[in-house]
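Here's a quick briefing for anyone meeting this structure for the first time. Have a look at the sequence and the 3D view, then read on for the main features.

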Amino acid sequence: MYPEDIDITRRMHRVYKTLFYPYVTIIHNHAAESYKSKKMLWIHISNMIKYFNKWGWVFDKERWEINKKLLNDLDYKSKQK
C-alpha cells in the first residue's frame, strides 16, 4: 500500500469501524510505477517520509494500540470457533 492509503485508513479508523474483508481487491492505476520511474520512486519516498513524520518513525503509540486491539479481537474470535 502507498502511504496515502495507510494515512486515510488511519484517519477513518478514528471515526468509523474499519475491517478486513479478504474478498475485495483494489488495484492502483499506477501499477507500481515507483519500480519503473525514478520520478515516481522519489515521490513514493517523499510521501513515506511525510507519513512517518506525521505518525512517528519508531514509537507510534496509536498504531501500537490499534494493532494490539486487533490481535486481541482475532484471538478472541479464533477461540470462539
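This is a predicted model: local features need pLDDT of at least 70, side-chain atom pairs count only at pLDDT 80 or more; totals for chains, interfaces and linings use all residues.

A residue is called buried when its relative accessible area is under 20%, exposed when it is over 50%, and partly exposed in between, using a 1.4 Å probe and counting protein chains only.

Residues are numbered from 1 along each chain as its sequence is written, and side-chain values use heavy atoms, with hydrogens and water left out.

**The largest pocket**

- Rolling a probe the size of a water molecule over the atoms shows where empty space is left.
- Here the search uses a 1 Å grid over the protein atoms alone and a 1.4 Å probe: a cavity is a set of points where the probe fits but cannot get out, while a pocket is an open set with protein on both sides within 12 Å along at least five of seven lines. Lining residues are those with an atom within 4 Å of a point.
- The largest pocket holds about 730 Å³ of space, where grid points are joined across faces, edges and corners and the volume is the space filled by probe spheres set on the points.
- Its lining is made of 15 residues, and those nearest the centre are His-13, Thr-18, Leu-19, Phe-20 and Leu-70.
- Sorted by class, the lining has five nonpolar, four polar and six charged residues. For this count, Ala, Val, Leu, Ile, Met, Phe, Trp, Tyr, Cys and Pro are nonpolar, Asp, Glu, Lys and Arg are charged, and the others, Gly among them, are polar.
- Helix H1 (3-13) and helix H3 (61-80) each supply at least two lining residues, and H3 gives the most, with eight. Helices (H or I, at least four residues) and strands (E, at least two) are DSSP runs, numbered from the N terminus.

**Salt bridges**

- How many salt bridges does a search of the whole structure find? There are eight, each being a side-chain nitrogen of Lys or Arg within 4 Å of a carboxyl oxygen of Asp or Glu.
- One of them joins the side chains of Asp-7 and Lys-54, at 2.9 Å from N to O. This pair ties distant parts of the chain together, with Asp-7 in helix H1 and Lys-54 in helix H2, 47 residues apart.
- Asp-7 is buried, at 11% relative accessible area, whereas Lys-54 is partly exposed at 48%.
- Asp-60 also has a partner: its side chain meets that of Arg-63 at 3.4 Å, N to O. Arg-63 is partly exposed, with a relative accessible area of 28%.
- Asp-60 and Arg-63 belong to a network of salt bridges that also links Arg-10, Arg-14 and Glu-62.
- Lys-69 and Asp-73 form another bridge, at 2.8 Å from N to O. These two are about one helical turn apart, because they sit four residues from each other in helix H3.
- Lys-69 is exposed at 53% relative accessible area, while Asp-73 counts as partly exposed at 31%.

- Leu-41, Trp-42, Ile-45, Ile-49, Trp-57, Val-58 and Phe-59 make a nonpolar surface patch of about 820 Å².
- Patches are built from residues with over 30% relative accessible area and no salt bridge: like charges are joined within 9 Å, and nonpolar side chains (Val, Leu, Ile, Met, Phe, Trp, Tyr) within 5 Å. The areas come from the Shrake-Rupley method with a 1.4 Å probe, and for residues, only the protein chains shown count as cover.
- Val-58 sits in the loop between helix H2 (38-55) and H3. It counts as exposed because its relative accessibility is 62%.

**Distances from helix H1**

- Glu-4 lies in helix H1 and is partly exposed, at 40% relative accessible area. Its C-alpha is 9.7 Å from that of His-44, 40 residues away along the chain.
- His-13, also placed in helix H1, is partly exposed at 30% relative accessibility.
- Ile-6 is another residue of helix H1. From Ile-6 to Lys-79 is 29 Å, C-alpha to C-alpha, and the two are 73 residues apart in sequence.
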